[in-house]
Amino acid sequence: MYLENVVVDAQDPRRLGRFWEALLGCATLTDEDASYETRLVVPDGPSLDLCFELVQEPPPPGPRLHLEVYGGEAQEQAAVVERALSLGASHLDIGQRDVPWVVLADPEGNPFCVMEARPEYAASGPLSSLPLDSGDVARDLAFWSELSGWVPVDSAMPGALRHASGRGPLLELCPEPRPKDQKLKNRVHLDIRLETGDDADETAQRVLDLGGSRYEHDWGDLPWQVMTDPSGNEMCLLPARRPPLSG
């Protein structure tokens, strides 16, 4: 298994996907009205797909997972902020006061941060980190490490994981300000892709054994399984990709 996707609900997938693609320097995979997918490749590290899927509802308040963009030293950080603004971002006040990072909103109002230089971001690439709210950092660190194959690393956050290559964005587990409201679906979630030989039912049971749950939905039959992590954050288990036809 491996962490494949960061999925973002979008009212206009093309507009939002092209914003993030331009900001992070990704490459287009899918360009459709209801789905825009773009790939972030970290040299000598992982590939991560950003998937923007059509959802009519506006973003709920208080996102539990968001994207953080690497800015760097003051001059470089300012340049990244200006580029984001020119692409359609806007400044956002969430009560952050005097902090070394800059809080912005993407074209659909989703908050994100342009981060200052930190030692742990030196190997991240353009996407510095993915902070995820957690009700129990140690528990959720073990959960996500087993499913993603990412390994614990030092960070300013209480818990963080990174791809085994030592490169790419951090998945940071952050103490939640409040428990997950199960009536509100996260606007951003993560997808785990099974590999050939992985059994879907066994993997789902492993999620349950690690403290996760099945996510009850009314979206009809899906080719993947919708689960939650132990803190209630939605995630999907995607089936293994079919091998290409030979000859």
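Leu141 lies in helix α3, which spans residues 137–148; helices (H or I, at least four residues) and strands (E, at least two) are DSSP runs numbered from the N terminus. The structure is a predicted model, in which local features need pLDDT of at least 70 and side-chain atom pairs count only at pLDDT 80 or more, while totals for chains, interfaces and linings use all residues. Residues are numbered from 1 along each chain as its sequence is written, and side-chain values use heavy atoms, with hydrogens and water left out.

With a relative accessibility of 17%, Leu141 counts as buried, a label for residues under 20% relative accessible area, whereas exposed means over 50% and partly exposed in between (1.4 Å probe, protein chains only). Residues up to four places away in sequence aside, Leu141 touches Pro152, Gly159, Ala160, Leu161 and Leu173, contact meaning heavy atoms within 4.5 Å.

The largest nonpolar core has 47 residues, of which Trp20, Phe112, Trp144 and Leu171 touch the most other members. Such a core is a set of buried Ala, Val, Leu, Ile, Met, Phe, Trp, Tyr and Cys residues joined through side-chain atoms within 4.5 Å. A second, separate core has five residues, among them Val103, Cys113, Tyr121 and Leu170. Beyond four places in sequence, the contacts of Trp144 are Leu132, Gly149, Leu161, Leu171, Leu173, Leu190, Ile192, Asp229 and Met235.

Turning to helix packing, α1 (residues 13–24) and α2 (residues 74–87) meet at an angle of about 155°, their axes 10 Å apart. Axes are lines fitted to C-alpha atoms, for helices over the stretch in contact, and angles run from 0 to 180 degrees between N-to-C directions. The two helices are therefore roughly antiparallel, the term for angles over 145 degrees. Phe19, Ala22 and Leu23 of α1 make the contact with Val80, Arg83, Ala84 and Leu87 of α2. These residues divide into six nonpolar, no polar and one charged; Ala, Val, Leu, Ile, Met, Phe, Trp, Tyr, Cys and Pro count as nonpolar, Asp, Glu, Lys and Arg as charged, and the others, Gly among them, as polar.

Asp44 sits in the loop between β3 (35–41) and β4, is exposed at 71% relative accessibility, and has a positive phi of about 60° although it is not a glycine. Glu53, within strand β4 (residues 47–54), is partly exposed with a relative accessible area of 24%. Neighbours within four places aside, Glu53 is in contact with Val7, Val8, Asp9, Ala10, Pro13, Ala34, Ser35 and Glu37.

Note on methods:
Angles under 35 degrees count as roughly parallel, over 145 as roughly antiparallel, 65 to 115 as roughly perpendicular and the rest as oblique.
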